[in-house]
Amino acid sequence: MEPAYKILIADDHPLFREAISSVIASGFVGSEIIETDDLDSALEITRANDDLDLILLDLNMPGMHGLNGLITLRNEAPTIPVVIVSAEEDKQVVLQAITYGAVGFITKSSPRARMTEAIQQILNGNVYLPSDIIRTGKESSNRRSRNDDNPISPELLNSLTRRQLLVLERMSKGESNKQIAYNLNIAETTVKAHVSAILRKLGVHNRVQAILSASDVDFSQYLKR
């Protein structure tokens, strides 16, 4: 049997709560779903349910004040994964949300199948980033903000082996270790070893930093060698 989860949906739009509840009910059979429509009640529910597996949090509901609400919730419940679910599609907002402690960012325009995949990836312990937004950030951001994303230098990229470049490319597309292992036809333990080596060589502390640093890299240029 598939594992059942306990998930809080915090969003002030009844129709969207209904839609995401339907996604969870069909994709994660047997899960318990709790709904609320403002930050204060979300905090109350979180205090009363320390066994929550996931919080799906709207950026713009009452009490949120943008990302301040995320910070408040993370301080209140640091061990419960929080995912932002928002109509916002600006790369800088996505990156800030991850910086402030969200483990994922799902856009409300995402197809049902992608939402299910994103939630599964997060429940598996991975970070989910909308790769289309991360990739197109260079078109919507100016040069200064791109520099703020800590891009990887060519020297560091050249220090990676070809297999490590392939793994990093798939990481930057939001793939989990399991997906990378399947797509590259290697063992998941091998992927984990490559990820550790990548973090060490790039001088970053975690997977998210590596993904953000690689968001504007043209991998085809480095994989030619």
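**View 1. D11, D58 and K108 join up in a network of salt bridges.** A salt bridge here is a side-chain nitrogen of Lys or Arg within 4 Å of a carboxyl oxygen of Asp or Glu. This is a predicted model, where local features need pLDDT of at least 70, side-chain atom pairs count only at pLDDT 80 or more, and totals for chains, interfaces and linings use all residues. Residues are numbered from 1 along each chain as its sequence is written, and side-chain values use heavy atoms, with hydrogens and water left out.

**View 2. K108 meets D11 at 2.8 Å, N to O.** K108 sits in the loop between β5 (104–107) and α5 (112–123) and D11 in the loop between β1 and α1, so this pair ties together parts 97 residues apart in sequence. Helices (H or I, at least four residues) and strands (E, at least two) are DSSP runs, numbered from the N terminus. D11 is buried at 2% relative accessibility, while K108 is partly exposed at 23%. Buried means under 20% relative accessible area, exposed over 50%, and partly exposed in between (1.4 Å probe, protein chains only).

**View 3. D58 also pairs with K108, with the closest N and O atoms 3.6 Å apart.** D58 is in the loop between β3 and α3 (68–76), 50 residues from K108. D58 counts as buried, at 2% relative accessibility.

**View 4. E35 and R17 form another salt bridge, at 3.0 Å, N to O.** E35 belongs to strand β2 and R17 to helix α1, so parts 18 residues apart in sequence are tied together. E35 is partly exposed at 40%, but R17 is buried at 14%.
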